[in-house]
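Thanks for asking me to look through this one with you. Here are a few notes to read alongside the coordinates.

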Amino acid sequence: MPLPRRDLSSPTEWLLRARSSLAQARAGRLSPDLLYEDLCFSAQQAIEKAIKGVLVHLRVSFPKTHDIAKLLTLVDRSGLKVPDNVLEAQFMTEYAVETRYPGVSEEVVEEEYRQALACAEIVVAWAHSILS
């Protein structure tokens, strides 16, 4: 039996999905077959979903996009001040597309993964503080 669809108009549902993506990223490289690129994609998804949850909370419409800078600009235009450490997440957009396909970018290394994970932790915590 299929599960009921989640309510995308609920900020808490977006945060739930952000936390799920963050948990995937936190799991780390459980196997040598698991690429850092894929872990960084999960971290990027956590950030994207967390920001979209904030936008839903603010009642701000947003396009279907993976562009973190564009999403953060919408938050800023709403009047909510975006902290500098959250603004730093803009670099994470590259993990949404470029690193997911062979030959498009260089291999992601462990240090980059750790930076992406730390960034996701910051953004999800920020979103949680707004939605709490």
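**Notes on helix packing**

1. Let's start with Ala-43, which is buried, its relative accessible area being 1%. Please keep in mind that this is a predicted model. Ala-43 belongs to helix α2. Leaving aside residues up to four places away in sequence, Ala-43 touches Ala-25, Met-92, Ala-116, Leu-117 and Ala-120.

2. Next, the pairing of α1 with α2. Helix α1 covers residues 11–27 and helix α2 residues 36–58; they pack at an angle of about 165°, and their axes are 8 Å apart. Since angles over 145 degrees count as such, α1 is roughly antiparallel to α2. Their crossing is left-handed. On the α1 side the contact includes Trp-14, Arg-17, Ala-18 and Leu-22, while the α2 side includes Leu-39, Ala-43, Ala-46, Lys-49 and Val-56. By type, the residues of this contact divide into 10 nonpolar, 6 polar and 3 charged.

3. How do α1 and α5 pack? The angle is about 160°, with the axes 10 Å apart, and α1 and α5 are therefore roughly antiparallel to each other. The crossing of α1 and α5 is left-handed. In α1, the residues involved include Leu-15, Ala-18, Arg-19, Leu-22 and Arg-26; in α5, they include Tyr-113, Leu-117, Glu-121, Val-124 and Leu-131. The residues of the contact of α1 with α5 divide into 11 nonpolar, 1 polar and 3 charged.

4. Helix α3 (residues 68–77) is worth a look down its axis. Which of its residues are buried? They are Ile-68, Leu-71, Leu-72, Leu-74 and Val-75. These residues cover an arc of only 150° around the axis, so they lie on the same side of α3. As background, an α-helix has 3.6 residues a turn, so residues three or four places apart point the same way. The buried residues of α3 pack against α2, α4 (84–87) and α5 (110–131).

5. Finally, a backbone point to check by eye. Arg-59 is not a glycine, yet has a positive phi of about 60°. Arg-59 sits in the loop between α2 and α3. Is Arg-59 buried or exposed? Arg-59 is exposed, because its relative accessible area is 77%, and the cut-off for exposed is over 50%.

Definitions and conventions
Residues are numbered from 1 along each chain as its sequence is written. This is a predicted model: local features need pLDDT of at least 70, side-chain atom pairs count only at pLDDT 80 or more; totals for chains, interfaces and linings use all residues. Side-chain values use heavy atoms; hydrogens and water are left out. Axes are lines fitted to C-alpha atoms, for helices over the stretch in contact, and angles run from 0 to 180 degrees between N-to-C directions. Helices (H or I, at least four residues) and strands (E, at least two) are DSSP runs, numbered from the N terminus. Angles under 35 degrees count as roughly parallel, over 145 as roughly antiparallel, 65 to 115 as roughly perpendicular and the rest as oblique. A crossing is left-handed if the near helix is turned anticlockwise from the far one by less than a right angle, and right-handed if clockwise. Contact means heavy atoms within 4.5 Å. Ala, Val, Leu, Ile, Met, Phe, Trp, Tyr, Cys and Pro count as nonpolar, Asp, Glu, Lys and Arg as charged, and the others, Gly among them, as polar. Buried means under 20% relative accessible area, exposed over 50%, partly exposed in between (1.4 Å probe, protein chains only). The arc is that of the directions from the helix axis to the C-beta atoms.
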